[in-house]
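Trainee: Please take me through this model one topic at a time, beginning with the backbone.

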Amino acid sequence: MTREDCIALDARDPLASHCDKFALPADLIYLDGNSLGALPRATRERIDEVIGFEWGEGLIRSWNAARWIDLPRRVGAKIAHLIGAQPHEVICADSTSINLFKVLTTALRLQASRPHALPRERNVILSERANFPTDLYVAQGVIDLLGQGHELKLVDFDEVTAAIDDRTALVMLTHVNYKTGAMHDMPALTSRAHGAGALTVWDLSHSAGAVPVALNAAAADFAVGCGYKYLNGGPGAPAFVFVAGRHLAAIADDRYAQPLAGWLGHRAPFEFATDYEPAASIDRYAVGTPSIIALSALEAGVDTVLAAGIDALRAKSIALTQLFIELVELQCAGLGLALASPRHADRRGSQVCFSHPRAYAVMQALIKRGVIGDFREPDIVRFGFAPLYVSYANAWDAVQALHQVLADREWQRAEFQTRELVT
Ligand SMILES: Cc1ncc(COP(=O)(O)O)c(C=O)c1O
């Protein structure tokens with residue numbers, strides 16, 4: 001494989017034209033779309049329109065005239081298309097952490113009401129030790145709040161299946177691990193959980209827009225996910241929440257309520273009633289007034305993914321990540337890197353990670369060379385491959401830069417040793 005081969009791959013790439021839809025700085029290789037997606041050109045135009053026309057001129061009228069009021073469901077329906085859900089099962093709202101709080105509470109309440117949950121103690125939330133911290137923290141917070149003796153049980157990635165038993169109330173997993181990119185088998189784990197009487201909560205933050213997800217085909221119960229990663233929604237973009245259609249009727253029942261009862265989750269917000277009467281739909285997962293500017297940016301970001309098609313994105317993501325692993329292992333051999341992601345493409349998402357004893361400094365030196373990835377504790381350099389705007393030549397050039405940083409020990413320079421607040 002040569003750089004010319006990579007350029008030839010780019011020339012044949014059916015997604016190549018999508019790269020121009022992003023406003024990326026020239027001479028920069030951006031391998032961090034798994035953390036913050038790049039800026040779509042359409043977002044700038046759309047936000048100009050929202051601010052200048054819809055807000056500036058339409059003012060309050062735009063809630064109706066520009067259909068602002070529909071945005072959480074409209075963008076939710078678009079995301080539903082990417083995660084194998086029905087449009088009425090998904091809404092955009094709040095952050096992933098807050099949506100997790102809502103679904104965990106509902107799921108535990110639902111579980112407690114099921115007859116088979118009663119004979120034995122079914123009080124375990126099962127998760128992965130290396131899950132993203134917010135998932136674990138929110139679960140701990142929900143357990144404390146409910147005060148019903150639930151317990152958070154944490155196991156390693158490969159131990160989840162065996163750990164599901166008749167004490168498991170919920171299996172709460174992130175589909176694609178944030179650090180290693182390892183991907184769980186959602187259909188198999190969901191089926192195993194259901195077989196044992198447990199419900200499932202999936203965090204799709206590193207899956208939505210990166211890998212095809214089939215929530216309903218897997219019979220998943222609940223899911224949440226970020227808007228600012230592969231969905232290109234912008235920093236702090238609103239998140240999404242999925243509730244399977246078969247649970248929608250139950251969540252309108254007060255016994256299983258998600259506890260953040262806000263006015264936009266009311267059956268008829270503009271009746272301004274004194275008492276809360278929940279919407280009998282996914283709208284119950286809305287709480288307060290959404291950020292219309294942020295949701296408009298998210299919609300433009302999701303549109304970039306829909307325009308490419310998730311299957312084409314996955315095919316290119318596999319080719320890019322495979323190429324990157326092969327090139328790094330060939331060209332950076334003996335320089336201290338070890339693959340920390342699954343080698344087989346069907347077991348990983350759209351990112352590749354390597355461990356290195358001086359990972360933080362290595363990544364800083366690489367960023368200085370114009371290749372942006374990131375560092376995760378304790379020793380991981382992480383490279384995200386968003387196939388919408390990453391080319392095969394980018395993968396080649398990134399490996400050359402990585403080789404230089406390691407072979408010339410550039411990472412030893414003093415300027416690369418100081419930790420920033422955000423790594
Ligand atoms: C798996 C996962 N869940 C949740 C989050 C963040 O959630 P929030 O948007 O609430 O900060 C992240 C952020 O990187 C993540 O990787």
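**Backbone geometry**

Mentor: D94 counts as partly exposed because its relative accessibility is 34%, and that class lies between buried (under 20%) and exposed (over 50%), with a 1.4 Å probe and protein chains only. This is a predicted model, in which local features need pLDDT of at least 70 and side-chain atom pairs count only at pLDDT 80 or more, whereas totals for chains, interfaces and linings use all residues. Residues are numbered from 1 along each chain as its sequence is written, and side-chain values use heavy atoms, without hydrogens and water.

Trainee: Where does D94 sit? And what is its phi?

Mentor: D94 belongs to the loop between β2 (90-93) and α5. Helices here are DSSP runs of H or I with at least four residues, strands are runs of E with at least two, and both are numbered from the N terminus. The phi of D94 is near 50°, a positive value in a residue other than glycine.

Trainee: What is the geometry of the peptide bond from E377 to P378?

Mentor: That bond is cis, with omega near -5°. P378 is placed in the loop between β12 (374-376) and β13 (380-384).

Trainee: Let us turn to the ligand. How many residues surround the ligand, and which are the closest?

Mentor: The ligand is surrounded by 14 residues, and S97, D203, H206, Y228 and K229 are the closest. A residue qualifies if one of its heavy atoms lies within 4 Å.

Trainee: What are the distances from Y228 and K229 to ligand oxygens?

Mentor: For K229, a polar side-chain atom lies 2.6 Å from an oxygen atom of the ligand. For Y228, the corresponding separation between a polar side-chain atom and a ligand oxygen is 2.7 Å. The backbone contributes as well: a backbone N or O atom of T96 is 3.4 Å from an oxygen atom of the ligand. A polar contact is a pair of N or O atoms within 3.5 Å; within protein, one must be able to donate a hydrogen and the other to accept it, and residues adjacent in sequence count only if both atoms are side-chain atoms.

Trainee: How much of the ligand does the protein bury?

Mentor: The ligand taken alone exposes 400 Å², and the protein buries 84% of that. These areas come from the Shrake-Rupley method with a 1.4 Å probe. The elements giving two or more residues to the shell are α5 (96-112) and α6 (133-146).

Trainee: What is the make-up of that shell?

Mentor: The shell holds 4 nonpolar, 7 polar and 3 charged residues. Ala, Val, Leu, Ile, Met, Phe, Trp, Tyr, Cys and Pro count as nonpolar, Asp, Glu, Lys and Arg as charged, and the others, Gly among them, as polar.

Trainee: Changing topic, how many cavities are there of 30 Å³ or more?

Mentor: The count is 1 cavity of 30 Å³ or more. A cavity is a set of points, on a 1 Å grid over the protein atoms alone, where a 1.4 Å probe fits but cannot get out; lining residues have an atom within 4 Å of a point.

Trainee: What is the volume of the largest cavity, and which residues line it?

Mentor: The largest cavity has a volume of about 40 Å³, taken as the space filled by probe spheres set on the grid points, which are joined across faces, edges and corners. Its lining consists of G209, Y230, N232, A386, P387, L388 and Y389. By class, that lining has 5 nonpolar residues, 2 polar and no charged.

Trainee: What is the C-alpha separation between Y389 and A23?

Mentor: Their C-alpha atoms are separated by 9.7 Å, although the residues are 366 apart along the chain. A23 lies in the loop between α1 (3-12) and β1 (29-30).

Trainee: Last point: is H184 buried or exposed?

Mentor: H184 is buried because its relative accessible area is 6%. The residue is in the loop between β5 (168-174) and α8 (186-195). Its side chain makes a polar contact of 2.8 Å with that of E128.

Key:
On a 1 Å grid over the protein atoms alone, a cavity is a set of points where a 1.4 Å probe fits but cannot get out, and a pocket is an open set with protein on both sides within 12 Å along at least five of seven lines; lining residues have an atom within 4 Å of a point.
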